[in-house]
Amino acid sequence: MTPLDSDSIADYLLDHPHFFEEHAELLGRIRLTSPLLGRAISLQERQMEILREKIKVQELHMADLMRIAQENDEITSKFQSWTRSLLLARNDSDLPQTLSGNLQSIFNVPQVTLRLWNIDEKHNGNWFTATVSEDARIFANGLTTPFCGPNNEFEAAGWLEDATSVKSISMLPLRVGAAPEAFGLLVLGSPDPSRFSAEMGTDFLTRIGETASAALACLLH
C-alpha cells in the first residue's frame with residue numbers, strides 16, 4: 001500500500017467536503033497547537049481562532065478605510081472653502097493675495113507665495129509680478145507635475161517671506177490647460193523637512209495648481 005502524505009490527505013479532504021459531517025466524532029479528537037494559547041486545542045477551537053483573526057483583520061481594514069474617508073472629506077471641505085474664496089475675490093488685483101493667503105490659512109501651510117509673468121501690463125509693480133529669472137521660467141516650463149522635495153536653495157524659495165527657514169518646498173506650475181509654457185509658479189514652503197517630500201502623492205497638489213491656473217488666467221494679457 002502506498003503511504004499517504006499530507007498533500008494526499010489534504011487533496012482527499014478537499015474532494016470530500018462532507019467528510020467531517022460523516023465523521024463528526026473526529027472534530028473533538030483532533031488536536032492542534034494554538035499559536036495564541038500555546039497549547040493543544042480541538043479542530044473546532046482552532047477554526048474559531050482563525051475566524052476571530054479574520055474578523056480582527058477586517059475590522060482593522062475597515063477602520064483604516066474610515067480614517068482615509070474622513071481625511072478625504074476634510075480635504076474636500078478645505079478645497080471647497082478655498083475655491084469659494086477665489087470666486088468671491090472682488091477684483092483681479094486682489095486675486096493673487098486671496099489665492100495664496102487662503103491657501104496658507106485653510107490648508108495650514110507655513111508659507112505660500114507666487115510669481116506671474118506675461119500678464120497684463122496694468123498689473124506691473126505688484127508683488128506677484130516681481131522679477132523672475134529666465135532659469136526659473138525654464139524650470140517652471142519643465143514641470144509637468146508639482147515638485148516636492150527638500151529646499152536645495154531654489155530661486156523660488158527666496159520669494160517666500162522667511163526663506164531661510166524653509167526646509168521642504170512644493171512648486172506648482174501655472175499654465176493655461178495643456179500649454180507647453182507656464183505663466184507662473186505657485187510656491188509652498190515649510191520648516192518641516194518631511195512636509196513636502198519626493199515620495200508624497202501629488203494628485204491633490206495638481207488639482208490646486210489647475211484651479212489656481214484657471215483663476216489667475218484672467219490676469220494674462
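A crossing of two helices is called left-handed if the near helix is turned anticlockwise from the far one by less than a right angle, and right-handed if it is turned clockwise. The exercises below apply this and related ideas to a predicted model.

**Exercise 1.** Determine how helix α5 packs against helix α7, and which residues make the contact.

*Solution.* Two packed helices are described by the angle between their axes and the distance between the axes. For α5 and α7 (residues 203-216), the angle is about 160 degrees and the axes lie 10 Å apart. Angles over 145 degrees count as roughly antiparallel, and α5 is therefore roughly antiparallel to α7. The crossing of these two helices is right-handed. On the α5 side the contact is made by L95, P96, L99 and L103, and on the α7 side by I208, A212, A215 and L216. Sorted by class, this contact has 8 nonpolar residues, with no polar and no charged ones.

**Exercise 2.** Check whether the end-to-end distance of helix α5 agrees with its number of residues, and list its buried residues.

*Solution.* Helix α5 comprises 12 residues, 95-106, and at 1.5 Å a residue it should span 16 Å; the C-alpha atoms at its ends are 16 Å apart, so the two values agree. Within α5, the buried residues are L95, P96, T98, L99, S100 and L103. After the helix comes N108, which has a positive phi, near 55 degrees.

**Exercise 3.** Locate T164 and decide whether it is buried or exposed.

*Solution.* T164 sits in the loop between β4 (147-150) and β5 (168-174). Its relative accessible area is 70%, and because exposed means over 50%, T164 is exposed. The C-alpha atoms of T164 and E153, which are 11 residues apart along the chain, are 9.2 Å from each other.

Methods. Residues numbered from 1 in each chain as written. Predicted model: local features only at pLDDT ≥ 70, side-chain atom pairs only at ≥ 80, totals over all residues. Heavy atoms only, no water. Helix = DSSP H or I, 4+ residues; strand = E, 2+ residues; numbered from the N terminus. Expected span 1.5 Å × (residues − 1). Buried < 20%, exposed > 50% of the residue type's maximum accessible area, 1.4 Å probe, protein only. Axes fitted to C-alpha atoms, helices over the stretch in contact; angles between N-to-C directions. Parallel < 35°, antiparallel > 145°, perpendicular 65-115°, else oblique. Contact = heavy atoms within 4.5 Å. Nonpolar A, V, L, I, M, F, W, Y, C, P; charged D, E, K, R; others polar.
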